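Subject: Structure for you to look at

Hello,

Here is the structure I promised. Please open it and keep it in view while you read my notes.

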Amino acid sequence: MLAFRLGFLDVGWLDLIDIALVALLIYQIYNLVRGSVASRVFIGYLLVYLAYLLVKALGLNLLTTILEYFISVGALALIIIFQQEIRRFLLLIGKSTNVANSRWLRRWLLRQSGMPEPTTPLRPILDACKTLSTEFSGGLLVIRKNDDMQKFAQSGEVIDAEVSKPLLLAIFSQYSPLHDGAVIISDGRILAARCILPVSDDDELPPALGFRHRAAVGMSEATDAAVIAVSEESGRLALALNGELFTNLTIGELEDRLGRYLREPGLPKPELQ
Ligand SMILES: Nc1ncnc2c1ncn2[C@@H]1O[C@H](COP(=O)(O)OP(=O)(O)OP(=O)(O)O)[C@@H](O)[C@H]1O
């Protein structure tokens, strides 16, 4: 089906759809990597690819072969460099499809993998955050949703105790040897404290935010866990979900966002006591 003729080039409707889809894909990828160091790598790779197309069209065979090798090795390097962004991209696709949001399917997958559905009471966590915030004690709390937390829990001290406000406050007390790092909570239990989380390299985060907040964002990029950061400096509450940081939250806003996130389709309601 011919749409129009451009000199010697016949452009069909399918070609137009193809170009539009590729443009959309590149735009979405750019949106995902924008602001991170990876965006410069992405633009660099795109320029090399355009140069390759140009030299190929001009018939410069030697240069075409060199660039071809560079691009094929580069594709592998890109997967390694962009692993965080690829994960976010796949998460975005997964989230936007009804199949992934199907309560039935997710329950079935959880049953197949033998993993119990997560249930964590939020009330003790919220109460502890409120106290930490008013007392300007820093805190970093990871609440598991679906992804496995073992790898991160192993970086700290194993606790495996029922989640409670006094225990959380004891951990984050400045006199506690466990107050540094993050606490990991899963299915109503504190798995471990003093855990080391991955740090985000997102350069769009406000420069005033330090490593506690970067670690919260990094953990929410690497997993689907919800991460609460309580600032030691300002007492402010922040919540990181899927690589996005919500700052300056009131305790009510934190409760609302956290509850909604953990209650998303396929998951049982967290107990709010
Ligand atoms: N990768 C990490 N994993 C776990 N905890 C971390 C990590 N990086 C920093 N922290 C915790 O954050 C604490 C303070 O970091 P920093 O002062 O840079 O954070 P901040 O974002 O400015 O927060 P605050 O407002 O509390 O000062 C550290 O003492 C440590 O307990």
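One definition before the findings. A residue is buried if 20 or more other C-beta atoms lie within 10 Å of its own, exposed if 12 or fewer, and partly exposed in between. Keep in mind that this is a predicted model.

Try the definition on Val48. This residue sits in helix 2, residues 37-58. Val48 has 13 C-beta neighbours inside 10 Å, so it counts as partly exposed. What does Val48 contact, leaving aside its neighbours within four places in sequence? The partners are Leu67, Phe70 and Ile71. Take Leu67: 19 residues separate it from Val48 in sequence, yet their C-alpha atoms are 7.6 Å apart in space.

Now the whole chain. The protein chain has eleven helices and nine strands. It holds 273 residues, and 27% of them count as buried. Look also at contacts with a separation of 6 or more. Of these, 59% join residues 24 or more positions apart.

Next, a helix pair. Two packed helices are described by the angle between their axes and the distance between the axes. Find helix 7 (residues 123-134) and helix 11 (residues 251-262). They pack at an angle of about 150 degrees, and their axes are 11 Å apart. Angles over 145 degrees count as roughly antiparallel, so helix 7 is roughly antiparallel to helix 11. The crossing of helix 7 past helix 11 is right-handed. Helix 7 brings Leu126, Cys129 and Lys130 to the contact, while helix 11 brings Ile251, Leu254 and Glu255. By class, this contact has four nonpolar residues, two charged and no polar ones.

Then the ligand. Which residues come nearest to the ligand? They are Gly210, Phe211, Arg212, Ser231 and Glu232, out of 17 residues around it. Helix 10 (residues 211-222) gives the most to this shell, with four residues. The shell divides into eight nonpolar, five polar and four charged residues.

Last, two backbone angles. Asp187 is not a glycine, but its phi is positive, about 50 degrees. Asp187 lies in the loop between strand 5 (182-186) and strand 6 (189-195). With 15 other C-beta atoms within 10 Å, Asp187 is partly exposed. Arg194, also a residue other than glycine, has a positive phi near 65 degrees. Arg194 is found in strand 6. It has 18 C-beta neighbours inside 10 Å, so Arg194 counts as partly exposed.

Best wishes

Technical notes: Residues are numbered from 1 along each chain as its sequence is written. This is a predicted model: local features need pLDDT of at least 70, side-chain atom pairs count only at pLDDT 80 or more; totals for chains, interfaces and linings use all residues. Axes are lines fitted to C-alpha atoms, for helices over the stretch in contact, and angles run from 0 to 180 degrees between N-to-C directions. Angles under 35 degrees count as roughly parallel, over 145 as roughly antiparallel, 65 to 115 as roughly perpendicular and the rest as oblique. A crossing is left-handed if the near helix is turned anticlockwise from the far one by less than a right angle, and right-handed if clockwise. Two residues are in contact if their C-beta atoms, placed from the backbone, lie within 7 Å. Ala, Val, Leu, Ile, Met, Phe, Trp, Tyr, Cys and Pro count as nonpolar, Asp, Glu, Lys and Arg as charged, and the others, Gly among them, as polar. A residue is near a molecule or strand if its C-beta atom, placed from the backbone, lies within 6 Å of it.
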